[in-house]
Amino acid sequence: MIQQRLIPEQYRIISGSALKLIAVITMLIDHTASALLRDSDIVLITFGDKPLTLAEGFVYTRNRVKYGVSLAVLALISELPWNLVHTGTAFYSMQNVMFTLLIGYLAMCAMEYLKDNAFALVASIGALTAASFVLRFDYGSQGFCFIILMYLLRGLPVARAAAGICVLPSRWVGGFAFLPIAFYSGKRGFIKGRALKYAFYAFYPVHLLVLYFIKYFIFGR
């Protein structure tokens, strides 16, 4: 695949770990505003980095089964905190974004392992698209399609940014997420070792649970 290099190599100084840290910080700001500012519909730049780091993880992971299982477990663990922060109960009609990432990951697996079987590939992608719509995963079929595009357009940053803005027009501001990604060095960075790795995994459900308790004490629900 042809690689577009908009930024000279000497200026690409942001590691994968730094990108994850940026994503965590902006996600916390976004979710805090959504949970605590009533009648708000604030969306910052949190969505853009998730599918991109997911696509990178898919390409570079040594154990794709373990990676997929980790996503599935994280999605299940996150569901109760997700429901609580949105409804104050154990039930919510929309499922958390980790399920969106999970089916996006499964789609990338299908595109790689079923590339020589067009019928099976189309059927798999169709089934996953339907699942994202029927089960109401966060960002829905748009989010699912976005992940696929981020995978197909890897190495083409201009096309990625354009596709992201076109697929998610109501969240166009998420295009700013591509700015730090343009400076991505391709290196792993400071997130090393199992403890730090799983701390980043745990952040999503833990911060949702904390926001629920804060929301409960402020608003009583």
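In a salt bridge, the side chains of R64 and E112 meet at 2.4 Å, N to O, where the term stands for a side-chain nitrogen of Lys or Arg within 4 Å of a carboxyl oxygen of Asp or Glu. This pair links distant parts of the chain, with R64 in helix 3 and E112 in helix 4 (residues 97-113), 48 residues apart. The structure holds 1 salt bridge. This is a predicted model, in which local features need pLDDT of at least 70 and side-chain atom pairs count only at pLDDT 80 or more, while totals for chains, interfaces and linings use all residues. Residues are numbered from 1 along each chain as its sequence is written, and side-chain values use heavy atoms, with hydrogens and water left out.

R64 is buried, with a relative accessible area of 19%, whereas E112 is partly exposed at 27%; buried means under 20% relative accessible area, exposed over 50%, and partly exposed in between, with a 1.4 Å probe and protein chains only. Helices here are DSSP runs of H or I with at least four residues, numbered from the N terminus.

Further along helix 3 lies S78, which counts as buried at 0% relative accessibility. A polar atom of the S78 side chain lies 2.7 Å from the backbone oxygen of L74.

Between helix 2 (46-60) and helix 3 (64-87) runs a loop that holds R62, and this arginine is exposed, with a relative accessible area of 86%. On the surface, R62 gathers with K20, K66, R188, K192, R194 and K197 in a patch of positive charge. Patches are made of residues with over 30% relative accessible area and no salt bridge, with like charges joined within 9 Å and nonpolar side chains (Val, Leu, Ile, Met, Phe, Trp, Tyr) within 5 Å.

There is also a nonpolar surface patch of about 420 Å², made by L21, I25, I29, F190 and L196. Helix 1 (residues 16-36) gives the largest share of the nonpolar patch, 3 residues. L196 has its place in helix 9 (residues 194-219) and is partly exposed, with a relative accessible area of 33%.

Finally, helix 2 contains V59, a residue that is partly exposed, with a relative accessible area of 35%. V59 and M108 are 49 residues apart in sequence, and their C-alpha atoms are 9.4 Å apart in space.

Conventions
Accessible areas come from the Shrake-Rupley method with a 1.4 Å probe; for residues, only the protein chains shown count as cover. Lys and Arg count as positive and Asp and Glu as negative; His and the chain ends are not counted. The place of a charge is taken as NZ of Lys, CZ of Arg, CG of Asp or CD of Glu. Helices (H or I, at least four residues) and strands (E, at least two) are DSSP runs, numbered from the N terminus. A polar contact is a pair of N or O atoms within 3.5 Å; within protein, one must be able to donate a hydrogen and the other to accept it, and residues adjacent in sequence count only if both atoms are side-chain atoms.
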